[in-house]
Structures are given as C-alpha cells and as structure tokens.
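This text walks through the helix packing of one protein model and then turns to its pocket. Please keep the sequence and the 3D view open while reading.

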Amino acid sequence: MPIGRKDYRMGVNYNYGLWAFSLFFTAFLLVLTCINHSRETKRYQILKLSLWILLANQLFDIFRIKVRCEGVMYAPQVVYVIFVGYYLTAATVMTLIIMYMLLQFPQLAEREQFLHTIFFLCECTAAILILPTNLTGFVYSIEENRFISGIGDEVFFAVRLIVLIGFLIMVWTCRRFLA
C-alpha cells in the first residue's frame, strides 16, 4: 500500500455517546443562535451558517465512519455522496470559521471584497481536490470492497492544523486590535 494510504476496515470502535452529545450540543447552539434575532451582524450570520453546516457535517460523519468500519457494502454513488459531502462540509465549516475569526479584526471586517475572495479561493480549492476523488484517489479509494484513505485525508488535517496555528499567531500579534 503506498505511503499516506490506510485501510480502515481493521475494526475501529467509535464512541457513539460522543456523537450523540456532539449532535445534541450543535443542535442546542443552533437553536440558541436562531432564537437570538437581535444581532443580525455579519459575524452572527456566519456563525449561524457555520452551525447549520457543522450539523450537516456531523451527520455525514456518522455515515462516513459506518462505511469506513464496515467496509464498502453500499453502492459507489452512495459512498461518493457520503465522503464528498463530509469533506466539502468540513472544508466549508473551516472556511467559515476563518471568516468569522477574521471579522474580529475591524481593519479586515471593512474589506468585504477581500473576505469574499478568501472564501471563494478556499472553497474552490477544496472542491477541486475533493470532487474528483473517485477518479484520483486523493481523499479515498475503494479497492476489493475496502475503503482506502488517500493522502488527502492527511493533507486536510495538516491544513486545519496550519490554519489554527496561523490564527493563534495572528491573535497573539494583533491582540490589541481585536474588536
């Protein structure tokens, strides 16, 4: 098996209680956010949209883990929709979180076109990498009725880590400018 690829049919136990709590907590935050109509700011709208997409991402994750643990017993089209849905919603949530964090800085909040460009570039890059995965094997592939993780899984994890570290550095260096 090439470097960066993992066979996930080895029997992974998943904590379903944690899943249930995560879904409940996200739904609870979403309800609280939707009840609060008094703050229709850009940050508030992005937060609400992020929570909706995060809820969808968590639902895709339930099915994704089921396919990874049980092997591929479903039609390839179903597996494709589950995995592409998971990765696209994960990328969108990450991009929206970045947008929300950037809106904390008044200097950037006023530059709406700049923020739209960042969002567009992030989403297009994610879509270009994720959508053709059934042909490229970048995120996953199916071999002999097994799910095989591609190098894209590690790339997406590394990108999230780099974004988090970059944001923490930005917050630390610009803390006096925070709104």
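Helix H1 passes helix H2 in a left-handed crossing; a crossing is left-handed if the near helix is turned anticlockwise from the far one by less than a right angle, and right-handed if clockwise. The model is a predicted one, in which local features need pLDDT of at least 70 and side-chain atom pairs count only at pLDDT 80 or more, while totals for chains, interfaces and linings use all residues. Residues are numbered from 1 along each chain as its sequence is written, and side-chain values use heavy atoms, with hydrogens and water left out. Helices are DSSP runs (H or I, at least four residues), numbered from the N terminus.

H1 covers residues 16–35 and H2 covers residues 42–70; they pack at an angle of about 160°, with their axes 10 Å apart. Axes are lines fitted to C-alpha atoms over the stretch in contact, and angles run from 0 to 180 degrees between N-to-C directions. The angle makes H1 roughly antiparallel to H2, a term for angles over 145 degrees. On the H1 side the contact (heavy atoms within 4.5 Å) includes Trp19, Leu23 and Leu30, and on the H2 side it includes Trp52, Leu55 and Ile62. The residues of this contact of H1 with H2 divide into 14 nonpolar, 4 polar and 2 charged. Here Ala, Val, Leu, Ile, Met, Phe, Trp, Tyr, Cys and Pro count as nonpolar, Asp, Glu, Lys and Arg as charged, and the others, Gly among them, as polar.

Next come H2 and H3, which pack at an angle of about 150°, with their axes 8 Å apart. That makes H2 roughly antiparallel to H3. H2 passes H3 in a left-handed crossing, and the residues of their contact divide into 21 nonpolar, 5 polar and 4 charged.

H3 also packs against H5, at an angle of about 160° and with the axes 10 Å apart. H3 and H5 are therefore roughly antiparallel to each other. H3 passes H5 in a right-handed crossing. Among the residues in contact are Leu88 and Ala91 of H3, and Cys122 and Ala126 of H5.

Where does the largest pocket draw its lining from? H3 (76–102), H5 (112–130) and H7 (151–173) each supply at least two residues, and H3 gives the most, with 6 residues. The lining has 16 residues, of which Ala91, Cys122, Ala126, Phe156 and Val159 lie nearest the centre of the pocket. By type, the lining residues divide into 12 nonpolar, 2 polar and 2 charged. A pocket is an open set of points on a 1 Å grid over the protein atoms alone, where a 1.4 Å probe fits, with protein on both sides within 12 Å along at least five of seven lines; lining residues have an atom within 4 Å of a point.

Definitions and conventions. Angles under 35 degrees count as roughly parallel, over 145 as roughly antiparallel, 65 to 115 as roughly perpendicular and the rest as oblique.
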